[in-house]
Amino acid sequence: MGNDEYKDRIEQARQELNRMAIEYGMNDLRVLRQSVKLDALLNEYTDCLTDKDDQLY
């Protein structure tokens with residue numbers, strides 16, 4: 001997956017998290033699950049960037 005695709009997916013997940021937090025409240029299980037999904041995407045993106053940096057050396 002390319003950087004732009006990661007960024008798009010991260011932004012969509014972030015917007016969905018914000019929408020759900022407003023609708024259901026921060027402690028709702030659905031909101032917490034969406035937060036975990038966003039965290040996973042951010043971790044994948046960071047790993048992807050780190051892997052590319054490692055390949056330069």
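Contact means heavy atoms within 4.5 Å. This is a predicted model, in which local features need pLDDT of at least 70, side-chain atom pairs count only at pLDDT 80 or more, and totals for chains, interfaces and linings use all residues. Residues are numbered from 1 along each chain as its sequence is written, and side-chain values use heavy atoms, with hydrogens and water left out.

**View 1. The protein chain has 2 helices and 0 strands.** Helices (H or I, at least four residues) and strands (E, at least two) are DSSP runs, numbered from the N terminus. Among contacts between residues at least 6 apart in sequence, 53% join residues at least 24 apart. Of the 57 residues, 23% are buried (under 20% relative accessible area; exposed is over 50% and partly exposed in between, with a 1.4 Å probe and protein chains only).

**View 2. The largest nonpolar core holds 11 residues.** Such a core is a set of buried Ala, Val, Leu, Ile, Met, Phe, Trp, Tyr and Cys residues joined through side-chain atoms within 4.5 Å. Its members include Tyr6, Ile10, Leu17, Leu38 and Cys48. Helices H1 (3–24) and H2 each supply at least two residues of this core; the largest share, 6 residues, comes from H1.

**View 3. Met20 is one of the core residues.** Beyond its neighbours within four places in sequence, Met20 is in contact with Gly25, Arg30, Val31 and Gln34. Val31 also belongs to the core.

**View 4. Leu42 lies in helix H2 (residues 29–55).** Leu42 counts as partly exposed because its relative accessibility is 34%. A distance of 6.9 Å separates the C-alpha atoms of Leu42 and Ile10, which are 32 residues apart along the chain.
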